[in-house]
Amino acid sequence: METKRVLSSSGSIDSISPLPDELLSHILSFLPTKRAASTSILSKRWRTLFPLMNHLCASLYLDVTDLLYPERQTEEEYYVVHNSFRNFVDKTLSGCNNNSLKKFSLTYEDDDVQRMCLTTGMMSKALEQGVSDLELCIYMPLMYEPPRLLPDTVFINNTLVKLTLGTELCLGRSPWENVDLPLLKSLFLHTVWFSNHAICDVMMDGCPQLEELYIHHNYIEDRDEEFNIHTAPHYIAHNIKKLTVCYNNDVQAPRVLSIYTPNLVYLDYSDYLTCLYNSENHFNDLLEARLDLAFARAGRWGDEHDTCLKIMNSITNVQILHLSCFTVEVIYECLDLAEIPLFKNLATLHFEGNIGNCFAI
């Protein structure tokens with residue numbers, strides 16, 4: 001079929017205008033939501049394309065930080081922006097076709113707790129659409145006992161398959177009812193915690209189909225009060241197949257991380273050796289492991305040998321092993337050659353070297 005070509009007022013060929021509205025709306029869906037909405041000012045025709053996109057598309061990406069310019073905004077303007085953003089999200093979700101929305105991504109920050117609580121309405125409305133992929137990146141100021149910022153439908157939901165929560169966020173007290181996410185297969189936690197219970201203790205039992213768990217937990221220096229209540233996950237027990245743990249904290253010591261995941265096939269573990277590592281199994285089905293272990297920046301504190309040995313002993317069935325340059329240094333410094341376990345199934349070994357360090361063999 002020959003494409004109809006139209007000459008613009010400047011004499012150049014306009015290949016976009018002849019396209020049907022449905023196709024243009026599909027093209028808009030690949031843009032950030034803010035940019036897609038801004039096309040409504042182009043012409044009368046384009047005013048209808050963004051609402052049509054919401055009706056047809058499967059994903060929405062909404063980010064309040066695109067609209068914030070703290071160095072140029074007064075407090076009143078800051079409030080107006082947040083109010084306008086919430087209204088925009090509400091109208092956008094209202095224009096979505098029921099059950100057509102599959103992914104909802106929201107990035108939101110505010111220094112006013114009362115306004116922060118209003119975000120629960122946005123999340124609830126998105127979940128009512130039956131989304132299967134929910135991504136919430138929320139930041140709020142330091143509070144000793146923050147309110148619950150997430151609606152119960154985040155934790156009791158029959159459609160979610162992938163859930164991402166972050167970042168640097170205390171979720172308040174854990175849900176009153178037990179977590180029930182029967183279809184959830186992937187859970188990503190970026191420095192989030194409950195004020196009264198360890199987050200993995202709360203979440204894991206309610207996710208029977210979970211296959212992938214990603215934990216990235218940073219130590220936040222100005223939030224010592226919150227971290228002294230319940231810190232990062234310390235006990236992981238589940239039948240997951242893929243586990244990533246990245247813990248950037250060499251300040252608190254000792255910490256404990258216990259892992260019981262007998263069906264694990266992939267492990268990516270990054271941590272300082274201020275953590276006391278325990279594993280109740282040897283990961284018999286492990287195919288691939290990545291280790292990025294390092295000494296604390298303040299220096300060694302005594303238990304690095306035992307921790308390193310436990311980690312190595314737990315992954316002896318691995319077939320593909322990746323070692324960072326820091327891990328190579330840790331193994332060299334902590335273990336005697338006779339202590340390094342036999343990796344009887346190892347087929348591929350990748351390791352990095354630091355050009356500044358030379359290890360005598």
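Me: How many disulfides does the rule give here?
Reply: This is a predicted model, in which local features need pLDDT of at least 70 and side-chain atom pairs count only at pLDDT 80 or more, while totals for chains, interfaces and linings use all residues. Residues are numbered from 1 along each chain as its sequence is written, and side-chain values use heavy atoms, with hydrogens and water left out. A disulfide is a pair of cysteine sulfur atoms within 2.5 Å, and by this rule the count is zero.

Me: How far is the sulfur of Cys 207 from the closest cysteine sulfur?
Reply: Cys 200 is in no disulfide, and the cysteine sulfur nearest to its own is that of Cys 207. Both residues are buried, a word that means under 20% relative accessible area, with exposed meaning over 50% and partly exposed in between (1.4 Å probe, protein chains only): Cys 200 has a relative accessible area of 3%, and Cys 207 has 0%. The two sulfurs are too far apart for a bond, because the distance is 9.7 Å.

Me: How many strands does the chain have?
Reply: Helices (H or I, at least four residues) and strands (E, at least two) are DSSP runs, numbered from the N terminus. Counted in this way, the chain has eleven helices, and its strands number 16.

Me: What percentage of the residues of the chain count as buried?
Reply: The chain has 361 residues, and the cut-off for buried applies to each of them; the share that falls under it is 45%.

Me: Which element gives the most to the lining of the second largest pocket?
Reply: On a 1 Å grid over the protein atoms alone, a cavity is a set of points where a 1.4 Å probe fits but cannot get out, and a pocket is an open set with protein on both sides within 12 Å along at least five of seven lines, while lining residues have an atom within 4 Å of a point. The lining of the second largest pocket includes Arg 290, Leu 291, His 322 and His 350. Two or more of the lining residues come from each of strand S14 (288–294), strand S15 (320–323), helix H11 (325–334) and strand S16 (348–351). The element that gives the most, with three residues, is S14.

Me: What is the volume of the second largest pocket?
Reply: Grid points are joined across faces, edges and corners, and a volume is the space filled by probe spheres set on the points. For the second largest pocket this comes to about 150 Å³.

Me: Is His 322 buried or exposed?
Reply: His 322, one of the residues that line the second largest pocket, lies in strand S15. Contact means heavy atoms within 4.5 Å, and, leaving aside neighbours within four places in sequence, His 322 is in contact with Glu 288, Ala 289, Arg 290, Leu 291 and His 350. Its relative accessible area is 15%, so His 322 is buried.

Me: Which residues of H11 are buried?
Reply: Helix H11 also gives residues to the lining of the second largest pocket. Its buried residues are covered by elements that include S14, helix H10 (304–314), S15 and S16. The buried residues are Cys 325, Thr 327, Val 328, Val 330, Ile 331 and Cys 334.

Me: How far apart in space are Val 131 and Leu 101?
Reply: Val 131 is in the loop between helix H7 (119–128) and strand S5 (133–139), and it counts as buried at 0% relative accessibility. Leaving aside neighbours within four places in sequence, its contacts include Leu 101, Phe 104 and Thr 159. Val 131 and Leu 101 are 30 residues apart in sequence, while from C-alpha to C-alpha they are separated by 5.7 Å.

Me: What is the phi of Thr 191 near?
Reply: Thr 191 is in strand S7 (residues 186–193), and at 2% relative accessibility it counts as buried. Its phi has a positive value, in a residue other than glycine, and is near 50°.

Me: What is the volume of the largest cavity?
Reply: The rule gives one cavity of 30 Å³ or more. Among the residues that line the largest cavity are Arg 148, Leu 149, Phe 155 and Phe 194. Its volume is about 30 Å³.
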